Amino acid sequence: MKFSIPNFEKNRILVIGDIILDNYWYGITEKISKEAPIPTVNIKSRLSKLGGAANVAVNASRLGARVFLIGLVGNDESSEIVKSELVRLKILFDLIVLPNYSTVTKFRIFSKNQQIARMDFEEKIKEKCSEYVSYILEKVKKRISFAQVIVLSDYGKGALYETSKIIDLARNYKIPVLVDPYGKNFEKYKESTMLTPNLDEFELVVGKCSNNSEMEKKGFEMIRSLSLESILITLSEKGILLLSDKKHKLYLPSFARNVKNVTGAGDTMIATLAVAFSSSELSLDQSCFLSNIAASIVVEKENTSDVSIEELKRRFYERSCRFFGILREDQIKNTVNICKFLKEKIVMVVGYLDEIHLTYVRYLNRARNFGDRLIVAINIDTSIERLKLKNTFYSTENTMEILLQLKSVDWIIPFKEKNPENIVRKIKPDVFIATKICSSWIENIFRYVGEVKILNFKDNRFYDENAKIV
């Protein structure tokens, strides 16, 4: 069965961590202040968004899951805005209100779509002199039976000093704990299920990684030393890397098109991961795939934002329909990996740069019927030498672009070797479609493919291996 997005309405996520209120003020700059050489901004509109752990809760809720949020706020106007938004979004919450504490609040001032200033109002709670530590743990004990997955969203503001006790409690209830970490001390996250650092956060702990091999080695060492099940490292525009305690590794490319703002992308990533992870229908790899798609959506938005289930399904459909087009050889592995997550059957044919006629179109349509995805490997050197075409209409680029307009074709892979054995070995298609034209070398590729189908041309029609018109 093909991989699809299940219904998340019965999934239950408990989010614990630092709550932040993000304010965005937009205005017009028309003059320089008389008091100092700085611009004067005439504010025209204001926007408040939930940030930090609250943003994780929002993202999980928007995907359809039931969410409960635990955190700290002050007895101030910002906390009232936070509570009002949580009520509006139908997110359950049990917040600890500290009388001598200010809710962490950030103000960002924009003029002509440019951020010109940021003001932060926060005070970090001291670890040893706070009574709130026992309060947080009591709230978690009270609400833990609600959770299928727990998310710890650590922004270093003080709500998660007792992380280890929360993790121990979750382990007693056999509830997975996903952690968005902060700072240099990852020991406090020991025995959690998964950490989701970005590359900078990861290297802050393990040191600089000069290449992927070194990053993988240090990642596996961290899994072992902290008794984790897995680590998901976000690599910015390079995508994500998943490492597990079973020595499994997985790279997925970034799907972002036009990056506008990365603020809150980590919140979206771990929220989607938690919701998907709580579903028995999805594997860890598939959960990471969905979280990667969600993050690619949110970075294309302005300000701290979230991703709805409709947006996730739409982008998922787009990614599962066609997400590369003409492939370079270095893109093949990622493409095949994604197809595997989607549980799609890969069909492969070999083509030549030739006039695209009706018979060939029918041939490709028939080939596609044997599976879910069709890859056409184009032998560019052989065809150009054979045809000696001078008309630019039949150039390599134009011909491949024309092929991509066919509904049956998902990807084109150009290659220069005498035969496609090397490409077939990399792809390992479920079905390889061949004609008797290539029967002299087809036996060499049997070890790389699931099955081989023979289609032969005759009188502008083609026949299967049993000589029946198809």
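Me: How much space lies in the largest cavity?
Reply: About 30 Å³ lies in the largest cavity. A word on the source: this is a predicted model, where local features need pLDDT of at least 70 and side-chain atom pairs count only at pLDDT 80 or more, while totals for chains, interfaces and linings use all residues. Residues are numbered from 1 along each chain as its sequence is written, and side-chain values use heavy atoms, leaving out hydrogens and water.

Me: What makes a space a cavity or a pocket?
Reply: On a 1 Å grid over the protein atoms alone, a cavity is a set of points where a 1.4 Å probe fits but cannot get out, whereas a pocket is an open set with protein on both sides within 12 Å along at least five of seven lines. The structure holds one cavity of 30 Å³ or more. Its volume is the space filled by probe spheres set on grid points that are joined across faces, edges and corners.

Me: Which residues line the largest cavity?
Reply: They are Gly 17, Asp 18, Ile 19, Leu 72, Tyr 101, Val 104, Lys 157 and Ala 159, each counted because it has an atom within 4 Å of a point. Five are nonpolar, one is polar and two are charged. Here Ala, Val, Leu, Ile, Met, Phe, Trp, Tyr, Cys and Pro count as nonpolar, Asp, Glu, Lys and Arg as charged, and the others, Gly among them, as polar.

Me: What lines the largest pocket?
Reply: The largest pocket has a volume of about 1000 Å³. Of the 40 residues that line it, Asn 198, Val 262, Gly 264, Ala 265 and Gly 266 are the closest to its centre. Helix α7 gives the largest share of the lining, four residues. By class, the lining has 14 nonpolar, 15 polar and 11 charged residues.

Me: Why are α5 and α6 called roughly perpendicular?
Reply: The axes of α5 and α6 (residues 212-226) cross at roughly 70 degrees and come within 11 Å. Angles of 65 to 115 degrees count as roughly perpendicular, under 35 as roughly parallel, over 145 as roughly antiparallel and the rest as oblique, so α5 and α6 are roughly perpendicular. Axes are lines fitted to C-alpha atoms, for helices over the stretch in contact, and angles run from 0 to 180 degrees between N-to-C directions.

Me: What makes α1 oblique to α7?
Reply: Helix α1 (residues 53-62) and helix α7 (residues 265-277) have axes that cross at roughly 45 degrees and come within 8 Å. That value makes α1 oblique to α7. Asn 55, Val 56, Asn 59 and Ala 60 of α1 make the contact with Asp 267, Thr 268, Ile 270, Ala 271 and Val 275 of α7, where contact means heavy atoms within 4.5 Å. This contact has five nonpolar, three polar and one charged residues.

Key
Helices (H or I, at least four residues) and strands (E, at least two) are DSSP runs, numbered from the N terminus.
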